[in-house]
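Please read them alongside the coordinates.

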Amino acid sequence: MVHLVTLSGSPSTSSKTLTVVDYIRETARHKGWKTDLIQVRNFPSEDLLYARFDSPSIQEAVSLLKQADGVLIATPVYKASYTGVLKAFLDLMPQDVLSGKVVWPIAVGGTLAHLLVLEYALKPVLSALGARNIQQGVYIQDSQIHSRHRGEVVLDGQVKERIAEGFRQFEVALGQSSLVGETE
């Protein structure tokens with residue numbers, strides 16, 4: 001069974017980024033995958049601000065990430081980059097925490113002007129954390145994500161298609177990753 005850990009970098013309680021994460025988690029659960037969610041906004045602010053590497057909540061997150069086969073990292077775009085709270089969290093992670101993982105980055109932003117945030121801001125940090133299999137990211141404009149309707153996520157059709165294609169590629173990478181591990 002595939003173990004997917006999803007990481008939401010949004011500091012907001014009503015987050016379009018989390019809406020996308022929930023949509024992808026539901027897709028993974030329908031495939032029989034185990035999913036865990038890490039929301040950086042739920043960490044004690046003192047742990048993040050004072051770089052408490054040994055905090056129980058941080059250590060629990062490290063453990064989840066190390067157990068994962070795949071990691072989805074999603075962030076809203078603030079000031080042309082990923083969120084500061086996500087940066088504070090990633091700074092507390094061991095240098096090899098993403099080693100051997102398939103990583104899928106997603107960003108939600110206000111305009112297409114921030115389309116390259118995944119390539120130029122987030123991917124270098126993921127590489128520094130040991131990620132070598134970083135999938136093609138998906139950038140979504142927040143105007144393409146609509147409020148939940150009767151518990152259902154409402155996404156524009158084009159967004160659903162791009163997420164579905166990204167998920168297929170993620171799934172293939174996870175399958176190849178486990179095959180490589182079995183033959184070594």
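1. This is a predicted model, and its protein chain has an average pLDDT of 92, with 91% of the residues scoring at least 70. The stretch to set apart is residues 178-184, where pLDDT stays under 50 and where the model has zero contacts beyond four places in sequence.

2. Five aromatic pairs are present in the structure. In one of them, the ring centres of W33 and F167 are 5.0 Å apart and the planes meet at 25°, which is under the 30 degrees used as the limit, so this pair counts as stacked. It joins distant parts of the chain, since W33 sits in the loop between α1 (16-30) and β2 (34-39) while F167 belongs to helix α6 (residues 157-183), 134 residues apart. Both W33 and F167 are buried.

3. A further pair is made by W104 and F170, with 5.4 Å from centre to centre and 35° between the planes, and this one is classed as tilted. W104 is buried, as is F170. Taken together, W33, W104, F167 and F170 form one aromatic cluster.

4. Is S15 buried or exposed? Its relative accessibility is 10%, so S15 counts as buried, the cut-off being under 20%. S15 is placed in the loop between β1 (3-8) and α1, and a polar atom of the S15 side chain lies 3.1 Å from the backbone nitrogen of T17.

5. Helix α5 (residues 117-128) contains twelve residues and spans 16 Å from its first C-alpha to its last, close to the 16 Å expected at 1.5 Å a residue. Its buried residues are V117, L118, A121, L122, K123, V125 and L126. Against which elements do the buried residues of α5 pack? They pack against β3 (70-76), α4 (84-91), β4, β5 (133-134) and β6 (138-141). Just after α5, G130 adopts a positive phi of about 95°.

Technical notes: Residues numbered from 1 in each chain as written. Predicted model: local features only at pLDDT ≥ 70, side-chain atom pairs only at ≥ 80, totals over all residues. Heavy atoms only, no water. pLDDT = per-residue confidence, 0-100. Contact = heavy atoms within 4.5 Å. Phe/Tyr/Trp six-rings, centres within 6.5 Å; stacked < 30°, edge-to-face > 60°. Helix = DSSP H or I, 4+ residues; strand = E, 2+ residues; numbered from the N terminus. Buried < 20%, exposed > 50% of the residue type's maximum accessible area, 1.4 Å probe, protein only. Polar contact = N/O pair within 3.5 Å; in protein donor to acceptor, adjacent residues only side chain to side chain. Expected span 1.5 Å × (residues − 1).
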